[in-house]
Amino acid sequence: MSLVLMILPLLAGIGLSIQSAVNGTLGRQIGTIESAFFTFFTGAIVLTIVVNFFGQGNMLNLHEVPRWQLLCAIFGVIYLSLMVLAVPKIGVTAAVISVIVGQLVASMAIDQFGWFESAVVPFGWKRLIGVVLMLIALYFVFREKKADSTTTA
């Protein structure tokens, strides 16, 4: 089971990279906001069908949750819109590495302080080394992108 739990986020990451590339291209063709709208509109239709046939929760309980939990939808819109803007300009790799670094920094702060009712996981040297290595990777990805753009210009 633990192998499956490691593979699922890996597949999700593959899907996000593919989505970023396709949305970036679509955004150039139809517009950034329009691309984000199309993605969320299509997703809403598909999820409406899935929830109706396979959902086991109760959407009517939305009014009982703390209001701050409803912000999750806004962050999805912000993420997707920013990726549609960034990918055509800096490429999928640079955009995704930037997202991962941002996720690592934010998730470590969330873990450290237990924000949003999350379990507290203390920050340690191994995590610091992981972030530093990702920052180094980000530097090299952007450096390579900059070198490629100057040689083709």
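The largest pocket in this structure has a volume of about 280 Å³. The model is a predicted one. Its chain holds 5 helices and 0 strands, and two of the helices, α3 (72-90) and α4 (92-113), are the elements that each give two or more residues to the lining of that pocket.

**Largest pocket**
- The lining consists of 13 residues, and Phe75, Tyr79, Met83, Val99 and Gln103 are the closest to the pocket centre.
- Helix α3 supplies the largest share of this lining, with 7 residues.
- By residue class, the lining of the largest pocket splits into 10 nonpolar and 3 polar residues, with no charged ones.

**Chain as a whole**
- In sequence order the pattern of elements is α-α-α-α-α.
- The C-alpha trace spans about 55 × 45 × 30 Å along its principal axes.
- Of contacts between residues at least 6 apart in sequence, 63% join residues at least 24 apart.

**Surface and burial**
- Of the 153 residues in the chain, 15% are buried.
- The chain has an accessible surface of about 11,400 Å², and carbon and sulfur atoms account for 74% of this area.

Methods:
Residues are numbered from 1 along each chain as its sequence is written. This is a predicted model: local features need pLDDT of at least 70, side-chain atom pairs count only at pLDDT 80 or more; totals for chains, interfaces and linings use all residues. Side-chain values use heavy atoms; hydrogens and water are left out. On a 1 Å grid over the protein atoms alone, a cavity is a set of points where a 1.4 Å probe fits but cannot get out, and a pocket is an open set with protein on both sides within 12 Å along at least five of seven lines; lining residues have an atom within 4 Å of a point. Grid points are joined across faces, edges and corners, and a volume is the space filled by probe spheres set on the points. Helices (H or I, at least four residues) and strands (E, at least two) are DSSP runs, numbered from the N terminus. Ala, Val, Leu, Ile, Met, Phe, Trp, Tyr, Cys and Pro count as nonpolar, Asp, Glu, Lys and Arg as charged, and the others, Gly among them, as polar. Buried means under 20% relative accessible area, exposed over 50%, partly exposed in between (1.4 Å probe, protein chains only). Contact means heavy atoms within 4.5 Å. Accessible areas come from the Shrake-Rupley method with a 1.4 Å probe; for residues, only the protein chains shown count as cover.
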